[in-house]
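Let's walk through this protein together, going from the whole fold down to two individual residues.

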Amino acid sequence: MVDSLVSLAKEKLTKVLEDEAVLLVGVTNEIENLSITFNLLQAVLKDAETQRVKNEAVKKWLENLKDVAYDVDDILDEWTTDALRPQAPDEGDGSCFSFLVTCYLSCVTFFNHVALRHKIGSRIKEVKGRLDVIEKAKNQLGLKVDSEKMERVNGEVRPAEISERETASLLDRPSVFGREDDKNRVVDLLLGESSGEVNEVPFVVISIVGMGGLGKTTLAQLAYNDEKVMGHFQMRMWVCVSEDFDVKRITKSIIQSATKTGCESLDLDQLQCRLREMLHAKRFLLVLDDIWSEEPDKWDRLKPPFQAGAPGSRIIVTTRSENVAFAMGRGLMHKLAVLSDDDCWLVFWHRALEHRSAEERSKLEDIGREIVNKCGGLPLAAKTIGSAMGSRRTILDWKLVLESDIWNSHDVLKDVLPALLLSYHDLPPALKQCFAYFSIFPKDWEIKKDMTVKLWVAQGFIPSNGSRDMEETGSQYFDDLLGRSLLQDAELDDDKNIVKCKMHDLVHDLAKSVAGSECSLVDIREQASLNPSNLRHSFLYGSFVVWPTLYKANKLRTLLCDSRIYMPRVPNNLFNHFRHLRALDLSHTSIQKLPGTVGKLKQLRYLDLSWTAIEELPEEVSNCVNLQTLKLDYCLQLKKLPKGLGKMINLRHLGLEGTDELKYLPQGIGRLSSLRTITKLIVEGGIEGCKWGEVKQLINHLHLQGRLQIIGLEKVKSRDEAREAELYKQQDIYALSYEYRGYEALDDDEVKRMEDVLEILKPHTNLKELAIRSYKGWKLPKWIEDPVFSNLVKVILSSCKQLPGLGKLPSLKYLYIRAMEELRKVGGEFSGDDNNDGSGGVVSFPKLETLSFGNMSNWEEWELIGDGEVMPSLLLLEIKDCPKLKELPGNLPPRLRKLILTIGNDGLESGGPLPILPNLNHLVIWGSDEMTSFPCGWLGQLKALQNLEIVFCLNLRSLPEELQHLSMLQQLKIQFCPLLKERCREGGEDRYKIAHIPNIIIT
C-alpha cells in the first residue's frame, strides 16, 4: 500500500521536474533529492511490509513514510493547480478602463504566485527534512533491499515494475464442498417434526453458529434454496442484519423481502402491524443473517409479528456467538465445524489448480496440501489463498508462500487470518491501495463498482495511460479483486457486467488492518473518540452531524456521508478546514444549499450531490478546476448550473439524469474537452443556454460513453447542422434519447426539417437502448426499423404520431409505447409485415419479452399480425389507460406470464373475457372510478394464476365467485380499494372467496 503512494509521489515529482511551466525556482535540488530518496526507500518496502506484521517499529516507520508521501502529493497538487491557471483574466471590451483593470489584476495574480512559490518551496524543504529522518531510520531498522526487484535505469537504482498478473475467472459458478451433511441437517430441522414442546409455539429459531469464515451464510443459502424447503413454506424472507440491530430497519427489510417491492416510510408500530397481517396464519421461513447483538430486549421488540405465523414456521439465525443464540430464547442450534482437510483441499484446488495441466497439478499438489493444512479448515481462507496461488506458476513461488512468517502472526493481527494476509501481500502495489480503501465502507455495504472506480481515480490510485482511460484500468482492478475472492456476491446487469459486490467481514477486517488510521468509519454520535491526526478517508454515519468536532481532521481526502444524516445545510467555513478534499459525497442527504466556499477545494476531483433538494450550484464550484466527476442525478429541484462550468476542463463525468427542472446548460460547455460521460445535453436558443454549435462540438470531438439524453432537437436548423455532429461515430454510447420540447403548430416545411434532422442523427449500431419523445414528424426515421441494429434491446416511443415496424429488430426485448394520440389501430405494419396479411414466414419480435402500452387515448383496435410467428418470447404485457381499446387479440402468445391492465366500463371491461392464456401466473388490475365489479368470466379460465393484484379500484364492491376456484393462486394483494378492503377482511362478506389463498395482503 505504501509502495503505491510512494510511486504516486515520485510520478508527480518527475512531472514537475520535466515541466518548466510549473517548476519551482530555488527548490529544484530539493525536488530531485526527494525523488532519489523515495527511490531508495521504495527498494526496502517489500521487506518492511513483511516485518510490519510482527515489528511495531517498522509499522510506525511505514506510517510516517506514508504520511510524508501524502503530504508531498498534496503540496505538488496544490502548486501545479495554481501554476497552470490562466495568468490574467479575459481581455474585456477593449476600453481604457477594462485595460487598467486587466493590468491591475495581472499584477495581483503575479504577486500571489510569487508568495505561493515561496510558501510551497518552504513546505518542500520541510518534508525533505522529514524524509531524510525516515531514510536514516531505515538503516537502524535493518530493512533489506529487495534485490530481485531492483534494476538499474540510467545508472540509477530503482524498483522494477511489477508485471501484470493473470486475472482469475470472475464469473465461475461458485462451488461448495463438504457441507452436504450440514445442509441435510438444517433442512431436517426446517421440515422435520419437532418435539411436542417446540411444536406448540408458532415459530422455532434455528441458530447456525460458528466462527467467521466457516460458511454460515453459504449454509443458510443452501438450505433456503433447497427445493423441498421452497415447496414447504408459504413465505420466505431473507434479511442481512449485521452489527446494527435496528428493529425498525430490520422489520422494513423483512416486509420488502416478502413483497419484493419497496416499503414506504412508516413508524415501527405501523410496520409491525403490516408484517403481522402479512404473516397471519402463514407458514413462513425467515433468515436473519449475521447477527451480532446479544441484547435480548432488541429481539423481544422484533419478534411480536412472528407470533401471527402458522405452526411450523422457522427463523434461521447465523451468528458467530452462542450468546446471540441464547438471547433469542429456546430454539435449535447447529454448530458449524471446520472443513476436513480433504474438503478444504477441494476448495483450494478449485481456485488454484483446476485450470492447470495435469503435469502442473502433479508438481504443485504436495506443496498445495501443506498450504491447505495451514488454513485451519476455514473455507474462506482456502478460497482466498487458492485464488492468490492461481497466478503463481513455479514451485519456488509456492514454497515462498508456504514458508512465510505470516502464518505465525496471530499475535500481531489477531483479527486477520494469515491466509488472507498472504493474499493481500500477493497483490501488486496499486491493488493494495485500492483494496485498503474499501475499509472506509461499513461492513455488509453494497459496494458499487462505478462509484468505487471513480473514487479510486479521484484519489490518484489509478495510473494514467495515454492509450487507455483510467476508468477502464480501475474497472480491471475491481474485477481482479473479485477474481481473487477479496470481494464476493457479485451482482450483474443484463450484459453480465459487474454492478456491485460485497466484502466478507473477515476480509473487511483485513482492509481495516492494512489501512490503519488513515481510513475510518466515523459514528458521529461518538466523535469524541475520533483520532484526526492521520485521518485521510472517512465515512460518516449517524443521525445529526456536529461539524466542529471534525475540523481537526484537516488532512481529510475523502468525506462520504450516510444518507440518514440530517444535514439541511453545510457550514460556510467547513471547506476552510478540509482544503485537501479530493472526494465529497453528500448524496441522498437533506442538504438544500452548498456554500460558495466549496470553490476553495482546489484538489477536489469527485463531488456527488445526487438525490438532494439543491436548486442551484454556487458559481464558485467552477473554481474546482481539477473536478473529474460531478453527479447531480435526480436533483429534482435543480434549475441552474454555474456559468463558468466551461472552465472545469478536467471534468470527465457529468451526471444530470432526472433533473427535469434544468432547462438549459450554460454557454462554454463546449470547452469541456475531457468529458467521457454526460447524461444530458440541452439545445437552447435563449441568451444564457448553449446552442447546437456547442452540443455538436461535444458530440463530434469527444469520445462519449454510457447514456446520453439530447433535449431540444427542434432547435437544429438543417440536415447539414445535424450531419456535422457525426453522431454515428459514437460507438460507446449505449443508451440514447432524442427529445423535443413544446412549440407552436408546425407548418409542412418545419415538419419536413424535423424529419430530415432525425434521419441524419442516426446512432452507431452498437446502441442498446433508444428513446424518442415528443417527436412531431409524421414519419419516424427508416433506420429505427433496420435489423442492422442487432444490439438494440430496449425502445421507448412517447408522444409520437406513427408506430414504426420494429418486428425485425433481432434483439429487441423491451418495448414501451406511450401517449400516441393519433394512433387508432395497431396491425401488421407494427410487426414489419409489409402486406399486413401475415403471409410471410419470418418470426416478428423474436426476442421481445416486455411490451407496454400506456396513455393511448384514441387506440381502438389491435390485430396481432406478422410475416410468421409473432412475439413468441413475450412474458409481460402491460396496457394502462387505453380507454377505447375494447379487447385483446385472441392470439396472444401462450408463453405470456404476466398481464397488467387498466379496465373500466368503456374499455376492456366491455369487450368480453380474456383470451386463453395457459401460462399466465401473474395478473395486475388497475381500476378506474367507474369500475364497480369484475367483468363476467374474466378470471375463471386463468387456471395457472398464482399472483393477483387489484389496485386503485376505488368503487369495486365485490370479488367474483370464480376466484375461489383458482386452486393455484398463492398471493392476493389488494391496495387502495376501500370498499373491497372492508369486504375482504377477517369476517367480511367476500372473505370466503379468498380463504384458500395462502398469502393475502390488504392495504
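## The overall picture

The protein contains 29 helices and 33 strands, where helices (H or I, at least four residues) and strands (E, at least two) are DSSP runs, numbered from the N terminus. This is a predicted model, so local features need pLDDT of at least 70 and side-chain atom pairs count only at pLDDT 80 or more, while totals for chains, interfaces and linings use all residues. Residues are numbered from 1 along each chain as its sequence is written, and side-chain values use heavy atoms, leaving out hydrogens and water.

Of the 1003 residues, 53% are buried (under 20% relative accessible area; exposed is over 50%, partly exposed in between, with a 1.4 Å probe and protein chains only). The accessible surface is about 44,100 Å², and carbon and sulfur atoms hold 49% of it (Shrake-Rupley method, 1.4 Å probe; for residues, only the protein chains shown count as cover). Among contacts (heavy atoms within 4.5 Å) with a separation of 6 or more, 65% join residues 24 or more positions apart.

## Two residues to look up

| Residue | Relative accessibility |
|---|---|
| L214 | 2%, buried |
| T677 | 19%, buried |

L214 sits in the loop that links β3 (203-209) and α8 (216-224). Its C-alpha atom is 7.4 Å from that of A337, although 123 residues separate the two along the chain. Beyond neighbours within four places in sequence, L214 touches R179, L336, A337, V338, G377, L378 and P379.

T677 belongs to strand β18 (residues 677-678). Setting aside neighbours within four places in sequence, the contacts of T677 are R652, H653, L654 and Q705.
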